[in-house]
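Here's a quick look at some aromatic rings and at one pair of packed helices. Have the model open as you read.

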Amino acid sequence: MSEKNEQGKRAARERLVRQREREKAHERRRRTLIVGGAVVGVLALAAVVGVIAANSGGKSKKNEASGPAVAPSGATGKDALAIRVGPDDAPSTLTIWEDFRCPVCAQFENVFRDTFHDLERAGQIKVEYHLATIIDGNLGGTGSLRAANAAACAQDVGKFGAYHDILYRNQPKESDDAFADNAKLIDLAGEVPGLDTPAFRSCVDDGRHDNWVRKSNTAFQNGGFKGTPTVLLNDEAIFPKKGDEPITTENLKKWVAEANKGKKPGTVAPAKSGTAAPAPSGTAAPSSPSGAAPESSGAVVPAPPAS
């Protein structure tokens, strides 16, 4: 009988030991999950901060302007850092700061392109583009700079608007520095009638406007802007919203109409070969740099991560 009791006691002790081991293992797993969750949270926060930094323009020695800044033909505004599209005497001015590698910029352009061109052709607005290279500064590479220089070269022959639109329609993924290849930029110029010339190729390959682009990026960094795109209507921020109203194609038309009430439309010059043409509706999807949501009466471009 005593032997049976002893066996029973040993079995009970073993069960107790196994139970304690299970409890310890459970506690270790619980602590691992807590610590792991905290790490994931920190990494997620770091990723958000990284996105904000990528859209707020990190400074880099490569992007510091040095030497003469050769502005493209017809550049306007302070220090000749703006490229204007639309009638010079239009009653309202849309100011846009963009980076050709910025995916939100592509989404914005692909949604609102037709609306911009309609308002330009109606003499209601002129659009003044300012070019930045913040993605180069934060992700590395030179695609923002190279594309901006090529766009400035297109401006030299009056084809900035059309080439600007072609670049955004063909924007690579943000992490793909495809625009750093001048051959790629020259190849895309073939889609703009009359742009792919020896003079244009030389301007692109020589980086004629590189320092002008760097100077523009410095102005962006010093301007206190939160990210790209930065969009102002008559110096009032309208992206991602104006007051409590989100930016949509219909709201943009309404805001311009309100700003232009009682004012004479600008003088619209006859269209030239190679000028910007409206994009087909629905050229892009907001989830990828290659596209944005199809334009409709209430199309809304996603807000930038930095906002």
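## Aromatic pairs

The count comes to 10 aromatic pairs, taking rings of Phe, Tyr and Trp (its six-membered ring) with centres within 6.5 Å. In one of them, Phe112 and Phe116 have ring centres 6.2 Å apart and planes at 20°, so the pair is stacked (planes under 30 degrees apart). Both sit in helix 2, four residues apart, about one turn of the helix; helices here are DSSP runs of H or I, at least four residues, numbered from the N terminus.

## Where the model comes from

This is a predicted model: local features need pLDDT of at least 70, side-chain atom pairs count only at pLDDT 80 or more, and totals for chains, interfaces and linings use all residues. Residues are numbered from 1 along each chain as its sequence is written, and side-chain values use heavy atoms, leaving out hydrogens and water.

## Helix 2 against helix 9

Helix 2 (residues 103–121) and helix 9 (residues 249–260) have axes, lines fitted to C-alpha atoms over the stretch in contact, that come within 10 Å and cross at roughly 25°. That makes them roughly parallel (angles under 35 degrees).

Definitions and conventions
Axes are lines fitted to C-alpha atoms, for helices over the stretch in contact, and angles run from 0 to 180 degrees between N-to-C directions. Helices (H or I, at least four residues) and strands (E, at least two) are DSSP runs, numbered from the N terminus. Angles under 35 degrees count as roughly parallel, over 145 as roughly antiparallel, 65 to 115 as roughly perpendicular and the rest as oblique. Rings of Phe, Tyr and Trp (its six-membered ring) pair if their centres lie within 6.5 Å; planes under 30 degrees apart count as stacked, over 60 as edge-to-face and the rest as tilted.
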